[in-house]
Structures are given as structure tokens and as C-alpha cells.
Amino acid sequence: MREIVFDTETTGLDPLSGDRLVEIGCVELENRWPTGRTFHTFINPEREVPQGAVEIHGLTTAFLRDKPRFAEVADGFLDFVADAHLVAHNASFDLGFLDAELKRLGRPPIGRERVVDTVMLARRKFPGASNTLDALCTRFGIDNSNRIKHGALLDAELLAEVYVELVGARQANLVLDVARTGTLRRDPAGVRTRPAPLPPRLTGAEVEAHHAFVATLGEHAIWRLYEEDLSDTATVVPAAPKDEKAG
């Protein structure tokens with residue numbers, strides 16, 4: 001299953017009043033794991049960027065002046081997204097801006113049936129708790145120390161980690177080594193060796209009873225392959241007194 005986690009930055013809060021996109025960042029997931037493929041672009045909004053917006057994302061009018069317009073990046077964005085499911089935090093905000101930009105180009109809007117809103121997921125999982133991206137990163141132990149200002153690609157990367165946690169798809173002690181192999185490997189930091197082996201739990205009497213039962217199964221019973229190992233791990237365990245078993 002292919003999914004695209006994405007985020008946008010804008011000149012303001014309302015696309016209907018003329019606010020525009022200034023940045024798009026996307027992260028590709030395949031079966032809930034990052035593939036290493038991303039899409040990222042700054043966008044010339046063809047208008048001034050208010051100081052209030054600059055304080056949020058740091059993208060000034062001067063910086064964006066020589067960046068491509070949305071019309072120039074629309075095909076690249078749509079090709080990258082293709083028919084994947086889309087994941088966003090407070091998705092209605094991002095989709096409102098994307099649809100407004102697409103409408104200017106005579107393109108159809110993005111279907112809401114293919115969109116997952118992580119704010120809604122978080123509210124269902126943690127009712128009453130703060131569900132900002134920073135709060136969820138803290139809750140799941142995700143390092144967001146580089147997030148000094150909002151940035152579309154960085155926020156999409158953080159959201160991808162949050163999303164995997166929200167849907168319970170992360171497997172314990174496994175990480176994705178995309179850069180080198182693109183395959184799952186066990187994280188050495190998560191593997192601990194028990195300092196002393198646990199003692200065997202079978203008593204000698206229990207082992208003898210097992211041998212007697214296996215003998216009734218015939219000489220080709222598969223249990224015979226394990227008889228020697230079972231004896232080695234059990235003969236040192238004394239039977240517990242009856243009063244200890246009862247307690």
C-alpha cells in the first residue's frame with residue numbers, strides 16, 4: 001500500500017481570501033514504511049508574504065521571488081502523489097490550499113476519500129490530550145529538536161513517524177535501512193542479552209512422563225528429534241514439594 005505523508009506552508013490562513021502556497025513537502029510510505037523517496041519544493045506565491053507568516057516558517061518574499069510558481073510544479077507534485085492515499089495533519093487546511101491552487105489551473109480537486117487526517121486519528125486515540133505535531137512527537141519519543149520553525153518537508157518527515165505510531169504499524173526493534181539496503185534490519189541498540197540464562201522449568205519427573213508418552217507415538221514421531229535436548233535442559237531441576245506447588 002502506497003501512502004504520501006505531506007505538509008504545506010502558506011502566506012496565511014485563508015485560500016479564499018488570496019493566501020497562497022509557499023512550500024510543499026511529501027514523504028512516500030510503502031506498507032507504512034518510508035521508502036526514502038520525497039518531493040519538496042518552494043513556491044513563488046506571486047504576492048507578498050506577511051510578516052506574521054514569515055515568523056512561522058521563515059520564508060520571505062525575497063527568498064521566494066525566484067522560486068517556481070505552482071503552475072510550474074503542479075505536474076511534478078501530481079505525478080509523485082499519483083493515486084496514493086494522502087496523510088496530513090489537519091488535512092482540511094492543506095487540502096484547501098491545494099484545491100485552490102489546482103482550481104486556478106483548471107485541475108480537479110483532490111478527492112477527500114483518499115485522505116487520512118492524523119489530527120482525527122490522534123483525537124480518537126488520545127481524547128482530551130494535546131494533539132499538535134510537537135505534542136505527538138513528545139508522546140511517541142520522536143526527536144523534533146531540529147524543528148525550530150515550521151518547514152513542509154521536515155514536518156512531513158516527523159508526521160510520517162507519528163502516523164506509523166498512531167496506526168500501530170511500528171514493529172519492535174526494527175528499523176528501515178533505506179540508505180543502504182532498503183530492507184528491515186534488527187536494531188542492535190534494541191537487543192539485550194540476558195546476563196544469566198533462566199533456569200529450566202521442567203522437573204525430571206515431567207521429562208520422564210514426556211518420554212513415556214512419546215514412546216507410544218512410534219519410532220518416526222517428530223518429537224523424538226527433540227528428546228535429547230529436552231533431557232539436557234530438565235534433569236537438573238528438582239521436583240517442588242507438594243506444599244510449594246499448592247501455594
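User: How many aromatic pairs does a search of the whole structure find?
Analyst: Bear in mind that this is a predicted model, where local features need pLDDT of at least 70, side-chain atom pairs count only at pLDDT 80 or more, and totals for chains, interfaces and linings use all residues. Residues are numbered from 1 along each chain as its sequence is written, and side-chain values use heavy atoms, leaving out hydrogens and water. Rings of Phe, Tyr and Trp (its six-membered ring) pair if their centres lie within 6.5 Å; planes under 30 degrees apart are stacked, over 60 edge-to-face, and the rest tilted. On that basis, the search comes up with 5.

User: What kind of aromatic pair do F42 and F63 form?
Analyst: F42 belongs to strand β3 (residues 33-42) and F63 to helix α2 (residues 61-64), so their pair ties together parts 21 residues apart in sequence. Helices (H or I, at least four residues) and strands (E, at least two) are DSSP runs, numbered from the N terminus. The ring centres are 5.1 Å apart with 85° between the planes, which makes the pair edge-to-face.

User: Which residue has its charged end over the ring of F63?
Analyst: A charge sits over a ring if NZ of Lys or CZ of Arg is within 6 Å of the ring centre and within 35 degrees of the ring normal. For F63, the charged end is 3.9 Å from the ring centre, and it belongs to K67.

User: Is E101 buried or exposed?
Analyst: E101 is found in helix α4 (residues 91-104), and it touches R20, L21 and F70, not counting residues up to four places away in sequence. Contact here means heavy atoms within 4.5 Å. Buried means under 20% relative accessible area, exposed over 50%, and partly exposed in between (1.4 Å probe, protein chains only). E101 comes in at 2%, so it counts as buried.

User: What pLDDT does the chain average?
Analyst: pLDDT is the predictor's confidence in each residue, from 0 to 100. It stays under 50 over residues 175-194, and it is also below 50 over residues 232-247. Still, 75% of the residues score at least 70, and the chain average is 83.
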